[in-house]
Amino acid sequence: MARPVLEMRSISKTFPGVKALSEVNLTVTAGEVHAVCGENGAGKSTLMKVLSGVHPHGGYQGEIHFEGEPCRFRDIRASEQRGIVIIHQELALVPYLSIAENIFLGNEHATRGVISWHKTLTHAAALIRQVGLDESPHTRIADLGVGKQQLVEIAKALAKKVKLLILDEPTAALNDEDSRKLLDLILGLKAQGISCILISHKLNEIARVADAVTILRDGRTIETIAIGPEGISEERIIRGMVGRDLEHRYP
Ligand SMILES: Nc1ncnc2c1ncn2[C@@H]1O[C@H](COP(=O)(O)OP(=O)(O)OP(=O)(O)O)[C@@H](O)[C@H]1O
Ligand SMILES: [Mg+2]
């Protein structure tokens, strides 16, 4: 059996009047791209917010194990220190700061409290190259399209020494070319041993890059399907997402 890097066991999360997650299980194998699918409101983002400490420990039931150790994150910083980094559906860069400033925001290279801009810029330039972005570290975020902003988010995750990267619908606002670049980058990170959870409604993307897919429906885990070299059909995923009783709608 391949080694799991992440195990989320029996996770339940309630908001006032809404049971968003009911005993959800998610196991991610080390070094894989693991897709999470489900219709709007299925609980995908909530599950990832539990994982990354946005919804802190104490506000949900269940257990999280990362690299074999139990995790009880009280905030995002705590999950990032363990190497779990989430890029949200809504990008969170500061538009009027530069790429380098965004990459190292609150995280600049400092010696005894004095920020070394030279080190910060050199490191930023290396990360910018690593994600395949052809821009100066001084370029303002406001001057970049969404595709490039997404790459800056990934550079920022790499600066935090990410081990498990969570991407929540990263290609939703991207054109085909930018989507392809992003997916290739994800595969490149995988080759470097970085595991990835990819939430996407675009089933063709999942079929292309994912090693496994977990399907959520109405806050419950329906199934996890390993995707072999033969790939997976979009119909197979849709069947899990909507339930077999609706199968006739998707012949
Ligand atoms: N902060 C919140 N307060 C109250 N209800 C919430 C909150 N966040 C999520 N919910 C509810 O929890 C359920 C799951 O939402 P979630 O955002 O996790 O779904 P999703 O699968 O990510 O959907 P989408 O594909 O639309 O992004 C929904 O009913 C949603 O309205
Ligand atoms: Mg969502």
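The following conversation concerns a predicted model and covers its cores, a strand, a helix, a pocket and some individual residues.

User: Which residues have the most contacts inside the largest nonpolar core?

Analyst: In this predicted model, the residues with the most contacts inside the largest nonpolar core are Ile-103, Ile-154, Leu-165, Ile-206 and Val-213. That core has 49 residues. Helix H5, residues 146–159, gives the most to this core, with 7 residues.

User: And what does Ile-103 touch?

Analyst: Leaving aside residues up to four places away in sequence, Ile-103 touches Ala-124, Leu-127, Ile-128, Val-152, Ala-155, Lys-156 and Ala-159.

User: How many residues are in the other core?

Analyst: The other core has 27 residues and lies apart from the largest one. Among its residues are Val-24, Cys-71, Ile-84 and Ile-197.

User: Turning to strand S11, why is it described as largely enclosed?

Analyst: Of the 6 residues of strand S11 (residues 212–217), 5 are buried, so the strand is largely enclosed by the rest of the structure.

User: Which strands does S11 pair with, and is each pairing parallel or antiparallel?

Analyst: S11 pairs with strand S3 (residues 33–37) in the parallel sense, over 4 bridges. Within that pairing, Thr-214 of S11 is the bridge partner of Val-36. S11 also pairs with strand S12 (residues 220–226), in the antiparallel sense and over 6 bridges. There, Leu-216 stands opposite Thr-221 in S12.

User: What about the hairpin of S11 and S12: how many residues are between the strands?

Analyst: The hairpin has 2 residues between the strands. Asp-218 is found in this loop between S11 and S12, and its phi is near 50°, a positive value in a residue other than glycine.

User: Is Asp-218 buried or exposed?

Analyst: Asp-218 is exposed, with a relative accessible area of 63%.

User: Then Glu-80: where is it, and is it buried or exposed?

Analyst: Glu-80 lies in helix H2, residues 76–81. Its relative accessible area is 16%, under the 20% cut-off, so Glu-80 is buried. Not counting residues up to four places away in sequence, Glu-80 touches Val-85 and Lys-160.

User: Moving to helix H8, which residues are buried there?

Analyst: The buried residues in helix H8 (residues 234–242) are Ile-237, Ile-238, Gly-240, Met-241 and Val-242.

User: What covers them?

Analyst: The cover over the buried residues of H8 includes S3, helix H7 (203–209), S11 and S12. Just after H8, Gly-243 takes a positive phi of about 95°.

User: Finally, how much space lies in the second largest pocket?

Analyst: About 170 Å³ of space lies in the second largest pocket. Of the 16 residues that line this pocket, Asn-40, Gly-41, Ala-42, Gly-43 and Lys-44 are the closest to its centre.

User: How does the lining divide into nonpolar, polar and charged residues?

Analyst: The lining of the second largest pocket has 4 nonpolar, 8 polar and 4 charged residues. Strand S2 (18–29) and helix H1 (44–51) each supply at least two residues of the lining.

How values were computed. Residues are numbered from 1 along each chain as its sequence is written. Chains are lettered from A and ligands numbered from 1 in the order in which they are written. This is a predicted model: local features need pLDDT of at least 70, side-chain atom pairs count only at pLDDT 80 or more; totals for chains, interfaces and linings use all residues. Side-chain values use heavy atoms; hydrogens and water are left out. On a 1 Å grid over the protein atoms alone, a cavity is a set of points where a 1.4 Å probe fits but cannot get out, and a pocket is an open set with protein on both sides within 12 Å along at least five of seven lines; lining residues have an atom within 4 Å of a point. Grid points are joined across faces, edges and corners, and a volume is the space filled by probe spheres set on the points. Ala, Val, Leu, Ile, Met, Phe, Trp, Tyr, Cys and Pro count as nonpolar, Asp, Glu, Lys and Arg as charged, and the others, Gly among them, as polar. A nonpolar core is a set of buried Ala, Val, Leu, Ile, Met, Phe, Trp, Tyr and Cys residues joined through side-chain atoms within 4.5 Å. Buried means under 20% relative accessible area, exposed over 50%, partly exposed in between (1.4 Å probe, protein chains only). Contact means heavy atoms within 4.5 Å. Two strands pair if DSSP finds at least two bridges between them.
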